[in-house]
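Here is a short report for a reader new to this structure. Look over the sequence and the model before reading on.

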Amino acid sequence: MMSAIIRLTPEYWLERFPEGAFSGEAHFDEPMSAHTTLRLGGPADAFIVPADVVSFQRVIKGLTEDGSPLAVVGAGSNLVVRDGGITGAAVSLSKLSRLETLKEDDSTVRVFVEAGAMLGRLVRFCAEKGLTGMEGLAGIPGTVGGAIRMNAGSYGCEMRNVIDSVVVMSARGSIERVVAGKIPFAYRDWGLGADRFVIGANLVFGKSEPVKVLNATTENLRRKRESQPIAERSAGCVFKNPPEMAAWRLIDEAGMRGAAEGAIAVSAMHANFFINTGGGTTAQFVALMERVAEAVEKTAGVRLEPEVKLIGQQ
């Protein structure tokens, strides 16, 4: 017989994490629409923002021991939360945002960055310092931790190309450093599963002239702004690209550019982006995903796989 799921109430939280046992913020019955770039999603029982690694570790260990579900949500940039919300805790590492140079030699620079640092901040840091390897990631939203987990990539750059090692925490709270050669990176997947969480990473960059890196970064950002609706309410690319194919092109050829379910529409600028035009629901988003996938399968014989992460209750 399965044990009942513990509901995360303020009373439970104070009992499990009395004063001094946790540093950070805890919000209850928190709407996830405030924490996703789509601006969709029902409430989480608790929205937890640890102030440091020790507090994150205590939350992970405590909730796991009690059998309460949890999800680390990053910046919510490729996350779709169902309208029923999240049972358990949504954990944000936004306060774990340290970014610093560790060591450099004639040709390389080693950098440490925590998981909650925004990817755009890291891209700008590299452009200012003349560090190569991140130029193609300009304009991609989200945190460094999320970018590592999905092996974010664009214009020939991927996160795995700059990683020396990743510091991870297990669902039981144990911490280890995993070297790059032990991480089975794949297309839009780090390969280490959902039960380990990124705390930080040691990155290695080549050295160049800052003006060259800045110009390349700026050009890639310009290209993205001209071809992707990065200023709209979206979750980025909805579907993964099938091998040797572009998902946006398959969607376009299936006649689904501009298709809509309620207030959720396939972008007219880039067919692999779905836009919340205002007042949309996750149910509409999921229904549009299914319509698009069915249309592409009918016309191209290919079943598209989601790139966005869908969590929560119906």
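Glu219 is partly exposed, because its relative accessibility is 34%. This is a predicted model. The side chain of Glu219 meets that of Arg222 in a salt bridge, at 2.5 Å from N to O. Both residues belong to helix H5, which covers residues 210–227. Three residues separate Glu219 and Arg222, about one turn of the helix. Arg222 is also partly exposed, with a relative accessible area of 35%.

## Other salt bridges

Side chains of opposite charge can pair when their charged atoms come close. How many salt bridges does the count give? The count comes to 17.

Glu100 and Arg98 form one of them, and their N to O distance is 2.6 Å. The relative accessible area of Glu100 is 31%, so Glu100 is partly exposed. Arg98 has 41% and is partly exposed as well. Arg257 meets Asp252 in a salt bridge of 2.9 Å, N to O. Arg257 counts as partly exposed at 29% relative accessibility. Asp252 counts as partly exposed at 30%. There is also a network of salt bridges, which links Glu158, Arg160, Arg188 and Glu307.

## The open sheet

In what order do the four strands of the open sheet stand? The order is E1-E2-E5-E3, and the pairing is mixed. Strand E1 (24–31) and E3 are at the edges. Each has a single partner strand, so one side of each has no neighbour in the sheet. On average, neighbouring strands of this sheet are turned by 25 degrees against each other, direction ignored.

E3 runs parallel to strand E5, residues 86–91, and three bridges join the two. Leu70 stands opposite Ala89 in E5. Helix H2, residues 53–66, packs on the sheet. H2 touches strand E2 (43–50), E3 and E5. The direction of H2 makes about 150 degrees with that of E3.

## Ala75 and its loop

Where is Ala75 found? Ala75 lies in the loop between strand E3 (70–72) and strand E4 (79–81). Ala75 has 27% relative accessibility, so it counts as partly exposed.

Leaving aside residues up to four places away in sequence, Ala75 touches His35, Thr37, Met118, Gly142 and Thr143. Arg110 is 35 residues from Ala75 in sequence. In space, the two are 25 Å apart, C-alpha to C-alpha.

## Cysteines without a disulfide

How many disulfides does a search of the whole structure find? The search finds zero. Cys157 is in no disulfide. The nearest cysteine sulfur to Cys157 is that of Cys126, 10 Å away. A disulfide needs two cysteine sulfur atoms within 2.5 Å. Is Cys157 buried or exposed? Cys157 counts as buried, because its relative accessibility is 14%.

Cys237 is in no disulfide either. The nearest cysteine sulfur to Cys237 is that of Cys157, at 16 Å. Cys237 counts as partly exposed, because its relative accessibility is 24%.

How values were computed. Residues numbered from 1 in each chain as written. Predicted model: local features only at pLDDT ≥ 70, side-chain atom pairs only at ≥ 80, totals over all residues. Heavy atoms only, no water. Buried < 20%, exposed > 50% of the residue type's maximum accessible area, 1.4 Å probe, protein only. Contact = heavy atoms within 4.5 Å. Pairing = 2+ DSSP bridges. Axes fitted to C-alpha atoms, helices over the stretch in contact; angles between N-to-C directions. Salt bridge = Lys/Arg side-chain N within 4 Å of Asp/Glu carboxyl O.
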